[in-house]
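I opened this entry to log what I looked up, starting with confidence and then going on to the helices.

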Amino acid sequence: MASIDSMTELLVDQLKDLYDAEKRLTKAIPKLAKKATNDQLRSALEEHLEETEQQVARLEEAFEHMGETARAKPCAGMRGIIEEGNEHVGEDYEDDDLRDAVIIGSAQRVEHYEIAAYGTAIAHAKLLGQNEVVELLLESLNEEKAADEKLTEIAEGVVNLEAANQDEDEESEGAMAGLGVMLGRKRATVSQRATAAARPAGSRKRTAARTSSGGRSRR
Ligand SMILES: [Fe+2]
């Protein structure tokens, strides 16, 4: 393989890497979306799949601006992140919201890797005065950042939604729920479940009695 001896070649090499990463994601994201239970998460992933297809097209345009044919060079980093994500998501989870939380974590690892890769490529394109390439990559970078932020928002909801459903059930039984108490308990749903399982039976009963006035009563 010929050595890279200019900034231009270095940028083209990064475009090839990104091109491979994005193409892999057009196959990996639908698999994640299929395993997601939370509607918001599923539609965020489906939306990001559409964006990813646009990002592939943008990279093809960037290659054109550089006078190069669009070609992918295997991106070992993205291959590893996708592989690890599939492994984690494929584990057995007692609750769907736990799997959703893992899907969010996997998707955010992808986004952060892409944010770093686009950031570097943009810096190099700027140095080369490749303004059209800068614009194209910047558009994709902003989509990655927005996707990451959206996933952070959904992450809170994934833990909260289940507790919210329980609150509805309890309200129909006439239980009162103060909003502050609800929010505090919802945020703790997953960790409470873990600690409740580890607690002796007597203290578990006390927890159930305490939370019946507006918190959760899962088991
Ligand atoms: Fe992307």
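Predicted model: local features only at pLDDT ≥ 70, side-chain atom pairs only at ≥ 80, totals over all residues.

For the protein I noted a mean pLDDT of 81, with 71% of its residues at 70 or more. Over residues 173-219 the pLDDT is below 50. In the model this stretch still has 45 contacts beyond near neighbours in sequence.

Next I looked up the pairing of helix 1 (residues 7-35) with helix 2 (residues 39-65). Their axes lie 9 Å apart and the packing angle is about 160°. Angles over 145 degrees count as roughly antiparallel, and helix 1 is therefore roughly antiparallel to helix 2. The crossing of helix 1 past helix 2 is left-handed.

I then listed the residues that meet. From helix 1 they include L15, L18, Y19, E22, L25 and I29. On the helix 2 side, L45, L49, T52, V56, L59 and F63 are among them. Sorted by class, this contact of helix 1 with helix 2 has 14 nonpolar, four polar and five charged residues.

Last, I checked the span of helix 4 (residues 96-127). Helix 4 has 32 residues and reaches 47 Å from first C-alpha to last, close to the 46 Å expected at 1.5 Å a residue. Just after helix 4, I found G129 with a positive phi of about 70°.

Note on methods:
Residues numbered from 1 in each chain as written. Axes fitted to C-alpha atoms, helices over the stretch in contact; angles between N-to-C directions. Helix = DSSP H or I, 4+ residues; strand = E, 2+ residues; numbered from the N terminus. Parallel < 35°, antiparallel > 145°, perpendicular 65-115°, else oblique. Left-handed = near helix turned anticlockwise from the far one by under 90°. Contact = placed C-beta atoms within 7 Å. Nonpolar A, V, L, I, M, F, W, Y, C, P; charged D, E, K, R; others polar. Expected span 1.5 Å × (residues − 1). pLDDT = per-residue confidence, 0-100.
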